[in-house]
Amino acid sequence: MTETVRNASRVQRFLADNPYCYFCGGRRQATTMDHVPPRACFPDGFMPEEFEFPACKDCNEGATKEDQIFGLYAQVLDFDESKMTRPEDRAKIEKLRRGILNNFPDALPDTSLARPVYHDGLIQTLSPQAISIQTPPALKEAVVVAGQKLAHALYMRETGKIMTAEHRFCTSVYQPQLKGTEALTQLFTSLLPETEVGMRRNIKNYGDRFRYMWGYKEVEDFFHFAAQFGQGLILWGFVMSKSVAIPSSGPLSQAPWQFGACGKGSLVSLNAPGTS
Ligand SMILES: [Zn+2]
């Protein structure tokens, strides 16, 4: 049996067990296996296991551009030099960068403006703690899509339920090495009781590549998470059922709340020919 055939039957079994798309509300048939976080966030072969989710074609392929862009930034901003010495890690980043240069040149960081950050809070440090990069608009779009997909995937993974159009959620991202973010990290650490660490069984030295903390209040159907990519980006979010009111004061009242089930597949009419 060839690798392709073996993989095809694995996908078939997966879709038989998980027939509905998690990203547009479970109303459309899943026909693909989507990787969340996107594979582009990891060197080849380092995608954590058990982060595969059923998706319709529109939800999966509609996010290809954003997956690539978010993946490049997640790897570059990880800023763990011990992880960047392997030739295959550098090769993957270079491949991503070339792909984005060819397909979406407006999404690349302007490296002439990138600068190391030499402070940790108010303390000046000898070695840089992070790299500050000016973010193009295409990155902001990529972060929005990455947040949408991660919120849908983790909500389903931990609650066993598909996020629907009756849910609301918000997500955002920050770099924990940057000054002024310590309070946010402390808040998440105090709020989120559970931790999941992404792993690959076949790789001994997997490194600290992907982990998330989460909490869920079942009665209110209130879910929140903070996911960290290496030592770099933290992507966090809240998911609420319609029975929970959006806070009327404080930072969450200003957050960009969105309706759930917002994958690209939700834009395709359920009654259109060929979408049954
Ligand atoms: Zn879908």
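I begin with a definition: on a 1 Å grid over the protein atoms alone, a cavity is a set of points where a 1.4 Å probe fits but cannot get out, whereas a pocket is an open set with protein on both sides within 12 Å along at least five of seven lines; a lining residue has an atom within 4 Å of a point. Grid points are joined across faces, edges and corners, and a volume is the space filled by probe spheres set on the points. The model is predicted, with local features requiring pLDDT of at least 70 and side-chain atom pairs counting only at pLDDT 80 or more, while totals for chains, interfaces and linings use all residues. Residues are numbered from 1 along each chain as its sequence is written, and side-chain values use heavy atoms, with hydrogens and water left out.

First, the overall picture. The protein has six helices and twelve strands; these are DSSP runs numbered from the N terminus, helices being H or I of at least four residues and strands E of at least two. Of its 276 residues, 46% count as buried, where buried means under 20% relative accessible area, exposed over 50%, and partly exposed in between, with a 1.4 Å probe and protein chains only. Among contacts with a separation of 6 or more, 65% come from residues 24 or more positions apart; contact here means heavy atoms within 4.5 Å.

Let me turn to the metal. Which residues hold the zinc ion as protein donors? They are C21, C24, C56 and C59, each through SG, at 2.3 to 2.4 Å. Donors are N, O and S atoms within 2.8 Å of the metal (3.2 Å for Na, K and Ca), and water is not among the atoms, so sites may look incomplete. The site is tetrahedral, with angles of 100 to 117 degrees among the four donor atoms; for four donors, that term requires all angles to lie between 85 and 135 degrees. Along the chain, the donors follow the spacing C-x2-C-x31-C-x2-C. Distant parts of the chain are linked by C21, in the loop between α1 and β1, and C59, in helix α2, which are 38 residues apart. C21 is buried at 0% relative accessibility, and C59 is buried at 4%.

At least two lining residues come from each of α1 (3-17), β1 (32-35), α2 (57-61) and α3 (64-76). The lining divides into ten nonpolar, six polar and eleven charged residues. In this classification Ala, Val, Leu, Ile, Met, Phe, Trp, Tyr, Cys and Pro are nonpolar, Asp, Glu, Lys and Arg are charged, and the others, Gly among them, are polar.

How many cavities of 30 Å³ or more does the structure hold? There are two. The largest cavity has a volume of about 140 Å³, and C41, P43, Q75, D78 and R209 lie nearest its centre among 13 lining residues. Two or more of those lining residues come from each of α3 and α4 (87-103). The second largest cavity contains about 60 Å³. Its lining includes H35, P37, P38, F70 and L150, and α5 (137-159) contributes the most, with four residues. By class, this lining has nine nonpolar, one polar and two charged residues.

Finally, some local backbone features. V36 and P37 are joined by a cis peptide bond, with omega about 0 degrees; P37 sits in the loop between β1 and β2 (52-55). That loop between β1 and β2 also holds E50, a non-glycine residue with a positive phi near 65 degrees. D221, in the loop between β9 (210-217) and β10 (222-229), likewise is not a glycine and has a positive phi of about 55 degrees. Are these two residues buried or exposed? E50 is exposed, at 51% relative accessibility, while D221 is buried, at 11%.

P136 is buried, with a relative accessible area of 12%. Beyond its neighbours within four places in sequence, P136 contacts Y73, D106, A107 and L108. P136 and L108 are 28 residues apart in sequence, with 7.4 Å between their C-alpha atoms.

Conventions. Tetrahedral: all angles 85-135°; square planar, octahedral: opposite > 155°, others 65-115°.
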